[in-house]
Amino acid sequence: MSVKKKFKGLSDKAVAWLFIGPSVFLLLAINIYPLIYAIRMSFTNFYANKIGREPQFVGLKNYIKVLNKEAIWEKMQVTANFMFWTLLLQAVIGLGLALLLNRKFKGNELLTTLIVLPMMLSPAVVGVFWTYLYNPQVGLFNYVINFFHDFGSFDMIGSSVLAPWSIVIVDTWMWTPFTMLICLAGLRSVPNYLYEAAEVDRASKWQQFIYITLPSVLPFLLLALLFRGIENFKMFDMVVELTSGGPGSATELASINLKREAFEKWKTGYSSAFAVILFVTIFGFGNVYVKVMNKIKER
Amino acid sequence: MILLFVSLFTFSANSNAKSITLGWAAWDPANALQELTKEFTAETGIDVNFEFVPWPNFADRMLNELNNKGKTFDLLIGDSQWIGAGAVYGHYVKLNDFFDKEGISMNDFSPATVYAYSTWPKGSENYYALPAMGDALAWAYRKDWFDRPELNSEFKKKHGYDLGVPANWNQLHDMCSFFQGREIDGQKRYGAAINTERGSEGITMGVTAAMYAWGMEYENPNKPYDMEGFFNSPQAVEAVEFYRKLYEDCAPPGHSDAYMVANLDAYKSGQVAFQMNWYAFWPGVSKEDSDGRVSGFFANPKQNVAAATLGGQGISVVKYSDKQDLALEYIKWFARPDIQQKWWDLGGYSCHNDVLNSPSFPTSTVYAQGFLDSMGIVKDFWQEPTFVELMLPMQEAIHDYVVNGKGTAKGALDKIIEEWVEVFEADGKL
């Protein structure tokens, strides 16, 4: 039987399954099964390193423990603080850069390429080299700051006040180009005739920005922030390399704490409950956010 | 092509039959061991492959391997604190029968190292490792600066005694703060590079050097796991407060997440007068003295008692290895007194009595006497199977207090006890 004949017998539905089958299988095997397994584990006192010790069902004990633990709320606060400032700065600076690069000038393409370079680097590498940039004795960052105003010697990653800002600065430096690129795509999709009509109506530049540019680019900006929000909620590598979550626990994000509970303390049941709580949190926020975003798009 | 395939197959088959893999941390002594092991291969025909993991990832990598019953390693030189987990969870082969059969006596090794690196439960006669690398936390200092008359006279004028090996932690602080911010040979220098690392075990190893010297005990000697009033005793609180003072007054700027390599770098680059570090690094430091730098070494200073933080490791056979017989052959060879002497000569720290009790040992290197002194006074962190769960809260709370300046020393120690109680309860010990 020829191949042609063989496939001729397949319905459209079968062909569709043939194509999506492998993806569905991988999704089930790599995402859904571990998720279900983790949910199951979250109701047990399982320790992955205690060989031979059978996990026992403990009901909601792990969830209650996580939600009642003061330290967990501290980590969540650190994470929220990190997310708020990084998203705010990346939105403002990213939009600003996009507006700048949307203008035609000599060297525009070269500048765009240079600006997007940081986001092409590995977060772990970025974390390591920023430890050198932040070094109070030889770091470029401190030198530049002191060049403008003499603050004396200060330690960005050793001070509990400055360390949270140190990770915000690095993340903003690295990922603002991403927000900028998406905003730029939005800006370039705004039809010129809207501005021409506004000119005819004698709208000022500020009015054009408020009534044309901003509404057009807002869905793009919100999409970029959604991606960045999800990424920063689970931020790990860059911060571990830069501060190890310190000083003390000043920059210990929820994801870093989760890794320590799960793969250093090996509290598998407890950390599964923590992971499920984090998952539900980001999933819930994500859904609400997408709904709001769609409403804005519809307007 | 066929020939190539056959030869590759043959090579692979041969290497599998007569080779073992040894895992350890990536540092100077590991290179010395690699050199020493060439003799083993020459004698027995057994190839030894080495996998050395950088210290920051060492525990993660090795413990994951053991927890997953991995067969990557036949021999493992694991940290002293792992011995409990190695024995209780069945990762390590119990060596008693093998020692009896081969005539290897634990009495031939320094008692402190046997207790720390080999036994579980502690002090019992159940051996899960052969003491391989003795180590303790100690100090190196810039002897060339101390010998400068103008610096010494200025110091003496201020403190009433000579610059030299500090007799206690107060003197250590005097000396470190004397150098803090001082210009020597046109460069700004600082006091001491001490352990402040947050991620793995650094700050715990550092602060316990002070706590032990102040006389801290982890638990009530008559009531195991009863920590209240012992781990957070007034002496322990004072020691932690002192460590913070040492950090604030004497550490170089930016030294807020530093351990072995960062301390070495600060010292070798001429930034600091003192560094806290493991004996394992002293051969390298001593060998690399140049440009006028002369290093002196001393054991952890005493305060209320003489004590030092234990480092070092024992060598164990991994239970999941398919080549336990070859691995045991390596241990038999390594336990030989002549090999132990060569181990010391190459820069490893032997724990064998024949080496340590030799009349020439104390003068064999400038740090040998300090090593002997230290090994007589060492104390270790918990060696419980749950030691990682015990280590992490201490890292966080101590770093929060010492580096972050948050809360009080008593508060930090109370918080640690609270977490430890939870760990011991979960482990059925309380």
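## Helices α9 and α11 of chain B

In this predicted model, Trp169(B), His173(B), Cys176(B) and Ser177(B) of α9(B) meet Phe242(B), Lys245(B), Leu246(B), Asp249(B) and Cys250(B) of α11(B). Two residues are in contact if their C-beta atoms, placed from the backbone, lie within 7 Å. The residues of this contact divide into 5 nonpolar, 2 polar and 2 charged. Ala, Val, Leu, Ile, Met, Phe, Trp, Tyr, Cys and Pro count as nonpolar, Asp, Glu, Lys and Arg as charged, and the others, Gly among them, as polar. Helices (H or I, at least four residues) and strands (E, at least two) are DSSP runs, numbered from the N terminus.

The angle between α9(B) and helix α11 (residues 234–250) of chain B is about 15 degrees, and their axes are 9 Å apart. That makes α9(B) roughly parallel to α11(B). Angles under 35 degrees count as roughly parallel, over 145 as roughly antiparallel, 65 to 115 as roughly perpendicular and the rest as oblique. Axes are lines fitted to C-alpha atoms, for helices over the stretch in contact, and angles run from 0 to 180 degrees between N-to-C directions. The crossing of α9(B) and α11(B) is left-handed, a term used if the near helix is turned anticlockwise from the far one by less than a right angle, with right-handed used if clockwise.

## The four-stranded sheet of chain B

An open sheet of 4 strands in chain B has the order β8-β9-β5-β10, and its pairing is mixed. Two strands pair if DSSP finds at least two bridges between them. β8 (190–193) and β10 (295–299) of chain B are at the edges with a single partner strand each, so one side of each has no neighbour in the sheet. From one strand to the next, the twist averages 20 degrees.

Within this sheet, strand β5 (residues 137–142) of chain B and strand β9 (residues 272–278) of chain B are antiparallel and paired over 5 bridges. Tyr141(B) has Phe274(B) in β9(B) as its bridge partner. Helix α9 (residues 169–179) of chain B packs on the sheet and touches β8 and β9 of chain B, with a direction about 125 degrees from that of β8(B). Helix α17 (residues 368–375) of chain B also packs on the sheet; α17(B) touches β5 and β10 of chain B, and its direction makes about 15 degrees with that of β10(B).

## The five-stranded sheet of chain B

Another open sheet of chain B has 5 strands in the order β2-β1-β3-β12-β4, with mixed pairing. Its edges are β2 (47–53) and β4 (130–133) of chain B; each has a single partner strand, so one side of each is left without a neighbour in the sheet. Neighbouring strands are turned against each other by 30 degrees on average, direction ignored.

Strand β1 (residues 19–25) of chain B runs parallel to β2(B), and 7 bridges join them. Gly23(B) is opposite Glu51(B) in β2(B). Two helices lie across strands of this sheet. Helix α14 (residues 324–334) of chain B lies across β1, β2, β3, β4 and β12 (313–317) of chain B, at about 145 degrees to β12(B).

## The two domains of chain B

The domain assignment divides chain B into domain 1 (11–135 + 312–372) and domain 2 (137–309 + 386–426); such bounds come from an automatic or database domain assignment. The C-alpha centres of domain 1 and domain 2 of chain B are 28 Å apart. Their contact takes 17 residues from domain 1 of chain B and 16 residues from domain 2 of chain B.

On the side of domain 1 of chain B that touches domain 2 of chain B, the elements giving two or more residues are α2 (28–44), α3 (55–67), α4 (83–88) and α17 of chain B. The largest share, 3 residues, comes from α3(B). By class, this side of domain 1 of chain B has 10 nonpolar, 5 polar and 2 charged residues.

In chain A, helix α2 (residues 12–41) and helix α13 (residues 268–298) pack at an angle of about 120 degrees, with their axes 7 Å apart. α2(A) and α13(A) are therefore oblique to each other. The contact involves Ala38(A), Ile39(A) and Met41(A) of α2(A) and Thr268(A), Gly269(A), Ser272(A), Ala275(A) and Val276(A) of α13(A). These residues divide into 5 nonpolar, 3 polar and no charged.

Between the chains, 22 residues of chain A are in contact with 19 residues of chain B. The side of chain A that touches chain B has 6 nonpolar, 11 polar and 5 charged residues.

## Numbering and model

Residues are numbered from 1 along each chain as its sequence is written, while chains are lettered from A and ligands numbered from 1 in the order in which they are written. This is a predicted model in which local features need pLDDT of at least 70 and side-chain atom pairs count only at pLDDT 80 or more, while totals for chains, interfaces and linings use all residues.
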